[in-house]
Amino acid sequence: MPRPAKITASAASTLPLNRILVGDSIKLLSELPAHSVDAIFADPPYNLQLSGELHRPDNSRVDGVDDDWDKFQDFAAYDKFTYDWLKAARRVLKPDGCLWVIGSYHNIFRVGAILQNLGYWILNDIVWCKSNPMPNFRGKRFTNAHETLIWASPSKDARPCFNYEAMKNLNEEKQMRSDWMLPICSGKERLKGNDGEKAHPTQKPESLLYRVILSSTKPGDVILDPFFGSGTTGAVAKRLGRHFIGLERDKLYAKYAERRIMQILPTAPVEFLTTAAKREEPRVPFGIVLERGLLHPGDVLWDERKRHKAKVKADATLLAADHRNGDELRGSIHKVGALVQGLPACNGWTFWYFDSDGRGALAPIDLLRQRIRAENVGAQN
């Protein structure tokens, strides 16, 4: 069973990693060391201001969020609560850390304004489009089919982690957009209490936290969730080789979360949890491709649609014809790629293609660079 914990000054250098601390989140945040966590994911009360019961057309009752923790006297009380926890959260964030906060139209605009007033720098807002939203049973408004996440850093000068290549890979080699189509939590993923009913009314889907954590943290990073609830942040952090700290005032929620996280198997080796950024990969000059015999002097390269072609020279430069005036173009794969297009710059590795099978099947020369990198890694191992 999770137990209340106090972090004293003498233990300030030691974080309660992979633990759930039971108590008031603002108080617990004040007891954590300053600048000690890499990321925060917060799913605070939305202040839904619900009144009365909601029923489906068949007169069955909708299990809405009517818990005491989501009730505030007025907007001023909610704003003070939001200001206090965001201020406390900013203190524990590392200078290059980041904060994610999720909300609905009831609260997210107030949260965003307070974020900016406290000095946070908003990086993106993400629209979580629910593929299976709850219908609007009364038929008096649009179906509320999305929630908004704000991704922010503690200051304008911060340099938070962003795993661009991982997100691009996750999105089938296209840049990840800021609209995420993901289902709400349901089925076997939904935690149930001893009575068979859902254990927490606002449990977020693991797919949502998977994308949040994979995009903005690295293996071994510490992710803090000040409103831990059913423990989705901790569950996904464990799967992805990150540490978590959960703060939760409800002992029963904490109990369910701890039970859930303990059932998760140990994480995969770190090499399966990281995606190297292309700018961090070892530099491979085009000349090495010729030295290794992967291309030869006189070979022809084309662009993907065969609108432009160039021949490879022994010194790793290209020779191409300028169709506009008949001049010869000479230079590196990047320079000639730019010149034939009439552009100021070009990534020659992705622009030029070669005959990969001797029968006209084109493949980008970047594949040859990746082969060399893989061989070099294998040799080192």
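Student: Helices (H or I, at least four residues) and strands (E, at least two) are DSSP runs, numbered from the N terminus. In which helix is I108 found?

Tutor: I108 is in α3, which covers residues 108-117. A quick note before we go on: this is a predicted model, where local features need pLDDT of at least 70, side-chain atom pairs count only at pLDDT 80 or more, and totals for chains, interfaces and linings use all residues. Residues are numbered from 1 along each chain as its sequence is written, and side-chain values use heavy atoms, with hydrogens and water left out.

Student: Got it. Is I108 buried or exposed?

Tutor: Buried, at 4% relative accessibility. The cut-offs are under 20% relative accessible area for buried, over 50% for exposed, and partly exposed in between (1.4 Å probe, protein chains only).

Student: And what is I108 in contact with?

Tutor: Leaving aside neighbours within four places in sequence, I108 contacts V101, I102, G103, T148 and I150. Contact means heavy atoms within 4.5 Å. I150 is 42 residues from I108 along the chain, and their C-alpha atoms are 8.3 Å apart.

Student: Which strands does α3 lie across?

Tutor: β3 (93-103), β4 (121-130) and β5 (146-153), and α3 runs at about 165° to β3. Axes are lines fitted to C-alpha atoms, for helices over the stretch in contact, and angles run from 0 to 180 degrees between N-to-C directions. Helix α7 (residues 251-262) packs on the sheet as well, touching β1 and β8, at about 175° to β1.

Student: What's the strand order in that open sheet?

Tutor: Its 8 strands go β1-β8-β7-β2-β3-β5-β4-β6, with mixed pairing. Two strands pair if DSSP finds at least two bridges between them.

Student: Which strands stand at the edges?

Tutor: β1 (19-22) and β6; each has a single partner strand, so one side of each is left without a neighbour in the sheet. Neighbouring strands are turned by 20° against each other on average, direction ignored.

Student: How many bridges join β7 and β8?

Tutor: There are 4, in the parallel sense, between β7 (residues 222-225) and β8 (residues 243-248). D225, for one, has G246 in β8 as its bridge partner.

Student: Back to helices. At what angle do α2 and α3 cross?

Tutor: Roughly 45°, with the axes of α2 (residues 75-92) and α3 coming within 10 Å. The two helices are therefore oblique to each other; angles under 35 degrees count as roughly parallel, over 145 as roughly antiparallel, 65 to 115 as roughly perpendicular and the rest as oblique. On the α2 side the contact uses F75, Y78, D79, T82, Y83 and L86, and on the α3 side R110, V111, I114 and L115.

Student: New topic: which residues touch the most other members of the largest nonpolar core?

Tutor: F41, W100, I102, L149, W180, L208 and I213, out of 32 residues. Helix α5 (residues 206-216) supplies the largest share, 5 residues. A nonpolar core is a set of buried Ala, Val, Leu, Ile, Met, Phe, Trp, Tyr and Cys residues joined through side-chain atoms within 4.5 Å. Another core of 31 residues lies apart from this one, with V37, F81, W85 and Y120 among them.

Student: Last one: where does E173 lie?

Tutor: In the loop between α4 (164-170) and β6 (179-182). E173 is not glycine, yet its phi is positive, near 65°. The residue is exposed, at 51% relative accessible area. A316, in the loop between β10 (309-312) and β11 (318-321), also has a positive phi, near 75°, but counts as buried at 16% relative accessibility.
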